[in-house]
Amino acid sequence: MTSTLLLEGLGKQIQPPDGPWLFRDLQATITEPTIISILGKSGQGKSTLLRILGRLTLPSCGIMVLDNKDCSQWTPEAWRMTVSYVAQQPMMLPGSVTENLQAASNLHQRIFDVKQARQWMEQIGLDHLDWEKPAQQLSGGEKQRLALIRTLLLRPAILLLDEVTSSLDAVSKQATEGLLRDLHGRMGTTILWVTHDQEEARTTSQRVWFMANGQLLEDTDSQTFFDSPESDEAKMFLSTHPVVAEAAERVR
Amino acid sequence: MSDISMWFAFAFVLIALFLSTWQKLGMGKEIVIGTVRCTVQLLAIGYVLQFIFHSDSYLFVALFVIMMVTVASWNASRRGAQLKGIFWRILLSFGLTAVATIGSMVAVGLVTPTPQYLIPMSGMVIGTSMIVCGLYISQMNRETETARGEIEALLALGASSRQAIQGTLRRAVKASMIPTFDTMKTIGLVQLPGMMTGMIIAGASPIDAVRYQILTMLTFSSAAAISAVMISLLSYRLWFTNDSMLRQDAE
């Protein structure tokens with residue numbers, strides 16, 4: 001299940017050829033299963049980066065290599081099944097909860113692992129859900145979790161999560177984080193996680209990508225990032241979130 | 001109709017011009033251009049048709065049909081100006097629709113293969129296809145935007161572009177065919193179609209006129225279905241990039 005991902009000189013320009021760059025010259029390597037939090041202020045291109053990695057948006061420049069094969073050598077379908085993106089706005093497919101859960105197996109003519117689906121639904125606090133209910137009628141938080149499980153059933157090696165806990169209450173959020181940690185531990189899934197919740201980033205991730213000034217400014221293990229960030233931008237970023245700063249202080 | 005009474009017909013335009021000026025609608029230029037183009041185009045086509053009918057040559061019939069298909073394709077493709085290669089796809093689907101429908105009518109002896117039948121019937125079939133195709137393209141442009149989230153959710157699950165756009169495509173094809181079938185439901189009750197009216201005015205019995213009208217309406221239904229399905233199959237990839245990403249409007 002372990003996949004390696006290499007990013008070289010990745011950049012996205014807004015309105016080429018003369019527009020400003022959202023970010024550029026992004027270099028990073030993932031060689032072993034990791035949970036990475038992507039942090040930064042709004043508008044730094046974190047979601048765009050995830051969409052580029054999930055091959056839903058074209059980068060303006062740069063190279064992406066997955067398992068030693070350049071992205072041009074992958075079909076978009078195979079790439080997306082390995083590096084799977086879950087959007088912040090959970091989009092339900094037409095039909096019931098079951099139909100949404102079965103989406104991946106229907107698309108790829110695989111057998112639907114109902115046992116696994118049920119177990120994950122339970123773990124994430126959705127065991128009460130009527131599977132025959134039209135998915136559109138679910139609450140925001142239910143949709144968000146269902147969309148996540150729908151993608152997990154694809155069993156991707158790398159998960160791209162765009163603020164997937166943003167509509168969840170504290171309990172559901174903890175359950176979701178628990179599931180993702182569990183998945184990472186048991187199946188070696190790499191998780192790239194865009195979040196605005198620094199507490200979540202601190203407790204869940206092993207590594208942090210901090211984006212600022214159109215660059216990947218820091219790529220370091222999360223304890224180092226939260227305890228002694230290198231750049232002024234990161235220090236400023238952390239200090240604007242007193243709750244987390246205090247939590248970090250307590251840990252120290 | 002005598003030449004003099006023909007000239008009197010232009011009095012109707014004067015009424016329109018008068019109303020436009022009086023009510024300050026600012027439509028004067030539109031009315032004049034519309035009148036001139038309509039008169040010149042129809043007169044020219046009248047002479048061309050007369051020539052073709054007299055020559056009784058299939059070559060001219062074919063050329064005329066090709067001209068109609070080309071103009072109709074150009075007109076329908078304007079709605080999808082951002083879609084590279086849409087013109088040729090429309091041209092192909094119109095051409096095949098015309099050949100399939102008119103060809104089968106000739107084959108089963110519903111119409112005699114003379115220019116007098118082939119040209120007007122082709123014109124009506126291509127006209128229907130043009131409306132259907134234009135609607136399909138506008139609908140797809142709208143639908144791919146409104147269903148962007150759904151399409152991308154499917155792509156992110158590893159769906160092929162065909163699988164991801166299937167639902168959208170079906171809705172667009174359906175919407176583009178609805179007007180044709182709605183017309184079929186009310187025809188004769190709400191509007192008397194041009195061809196039938198024309199035949200009656202020209203002296204044919206209403207029953208004869210109606211029989212031909214039924215034939216054309218039934219042909220329209222298959223023309224609408226064939227052209228909508230064909231253009232949808234030929235064109236859906238154009239809404240995606242080579243990487244099977246859904247295009248942004250600006251791209």
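Helix axes here are lines fitted to C-alpha atoms over the stretch in contact, and angles run from 0 to 180 degrees between N-to-C directions. Helices themselves are DSSP runs (H or I, at least four residues), strands are E runs of at least two, and both are numbered from the N terminus.

Before we go on, this is a predicted model, where local features need pLDDT of at least 70, side-chain atom pairs count only at pLDDT 80 or more, and totals for chains, interfaces and linings use all residues. Residues are numbered from 1 along each chain as its sequence is written, while chains are lettered from A and ligands numbered from 1 in the order in which they are written.

Let's start in chain A, where helix α6 (residues 140–152) and helix α7 (residues 170–187) pack at about 10°, their axes 12 Å apart. That angle makes α6(A) roughly parallel to α7(A), a label for angles under 35 degrees. Gly141(A), Arg145(A), Leu148(A) and Leu152(A) of α6(A) meet Ser172(A), Thr176(A) and Leu183(A) of α7(A); contact requires C-beta atoms, placed from the backbone, within 7 Å.

Now look across to the partner chain: 22 residues of chain A are in contact with 17 residues of chain B. On the chain A side, α2 (76–82), β6 (83–86) and α4 (103–107) each give two or more residues, and α2(A) has the largest share, with 4 residues.

Finally, chain B is divided into domain 1 (1–55) and domain 2 (58–239), with bounds from an automatic or database domain assignment. Their contact takes 4 residues from domain 1 of chain B and 6 residues from domain 2 of chain B. The centres of these two domains, taken over C-alpha atoms, are 28 Å apart.

Conventions. Contact = placed C-beta atoms within 7 Å. Parallel < 35°, antiparallel > 145°, perpendicular 65-115°, else oblique.
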